[in-house]
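Q: I have a protein model open and I want to learn how to read it. Where do we start?

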Amino acid sequence: IIPNPVSILEPHYNGGHYNNLVRRIQDDPALDIEQINVMPAFEKLRNRVYRAADTHWNNYGMQVWLDAFNAQLQKVAIESKTR
């Protein structure tokens with residue numbers, strides 16, 4: 001699930017409150033798929049992962065996601081070798 005800039009940069013925009021949609025979906029017990037959670041890393045890095053005046057990741061944000069994705073792939077590959 002890809003966190004959008006508002007959920008990371010402005011969770012209380014204009015007096016509102018972010019509805020934690022990403023976390024609610026990820027924590028749903030009915031969700032039975034592998035997940036790659038970049039939300040904590042993006043929250044820590046904040047505006048360094050998004051393009052200025054845009055909702056897309058910049059190259060650094062893409063690299064953060066790619067590193068998390070590759071780590072997950074490596075974990076799955078190791079687990080499948082031990083079976």
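A: Start with the word contact: it means heavy atoms within 4.5 Å. Keep in mind that this is a predicted model.

Q: Which residues does Pro11 touch, not counting residues up to four places away in sequence?
A: Pro11 touches Val6, Gly16, His17 and Tyr18. Pro11 sits in the loop between α1 (5–9) and α2.

Q: Is Pro11 buried, exposed or partly exposed?
A: Use the cut-offs. Buried means under 20% relative accessible area, and exposed means over 50%. Pro11 has 25%, so it is partly exposed.

Q: How far apart are the C-alpha atoms of Pro11 and Asp32?
A: They are separated by 27 Å. Along the chain, Pro11 and Asp32 are 21 residues apart.

Q: Now the inside. What is the general idea for nonpolar side chains?
A: In soluble globular proteins, they tend to be buried together.

Q: Which residues make up the largest nonpolar core here?
A: There are 10 in all: Ile8, Val22, Val38, Met39, Phe42, Leu45, Val49, Tyr50, Trp57 and Val64. Helix α3 (residues 39–45) gives the largest share, 3 residues. Take Ile8 as one member of the core. Leaving out residues up to four places away in sequence, Ile8 touches Pro3, Met39, Phe42, Glu43, Arg46 and Tyr50.

Q: How do I read an aromatic pair?
A: Look at two rings and ask how their planes meet. Planes over 60 degrees apart count as edge-to-face. Phe42 and Trp57 have 75 degrees between the planes, so their pair is edge-to-face. Their centres are 5.4 Å apart. Phe42 lies in helix α3 and Trp57 in the loop between α3 and α4 (59–81), so the pair ties together parts 15 residues apart in sequence. Both Phe42 and Trp57 are buried.

Q: How many aromatic pairs does the count come to?
A: The count is 4. Ring pairs link Phe42, Tyr50, Trp57, Trp65 and Phe69 into a cluster.

Q: What about salt bridges? How many are found in the whole structure?
A: A salt bridge needs a side-chain nitrogen of Lys or Arg within 4 Å of a carboxyl oxygen of Asp or Glu. The search finds 1. Arg23 pairs with Glu43, and the closest N and O atoms are 2.6 Å apart. The pair links distant parts of the chain, with Arg23 in helix α2 and Glu43 in helix α3, 20 residues apart. Arg23 is partly exposed at 31% relative accessibility. Glu43 is partly exposed too, at 29%.

Q: Which residues form a nonpolar patch on the surface?
A: Ile1, Leu21 and Ile25 do, with about 240 Å² of accessible area together. Leu21 lies in helix α2 (residues 21–26). Leu21 is partly exposed, with a relative accessible area of 39%.

Key: Residues numbered from 1 in each chain as written. Predicted model: local features only at pLDDT ≥ 70, side-chain atom pairs only at ≥ 80, totals over all residues. Heavy atoms only, no water. Patch = residues over 30% accessible without salt bridge, like charges linked within 9 Å, V, L, I, M, F, W, Y side chains within 5 Å. Areas by Shrake-Rupley, 256 points an atom, 1.4 Å probe, with all protein chains shown as cover. Helix = DSSP H or I, 4+ residues; strand = E, 2+ residues; numbered from the N terminus. Buried < 20%, exposed > 50% of the residue type's maximum accessible area, 1.4 Å probe, protein only. Core = buried A, V, L, I, M, F, W, Y, C linked by side-chain atoms within 4.5 Å. Phe/Tyr/Trp six-rings, centres within 6.5 Å; stacked < 30°, edge-to-face > 60°.
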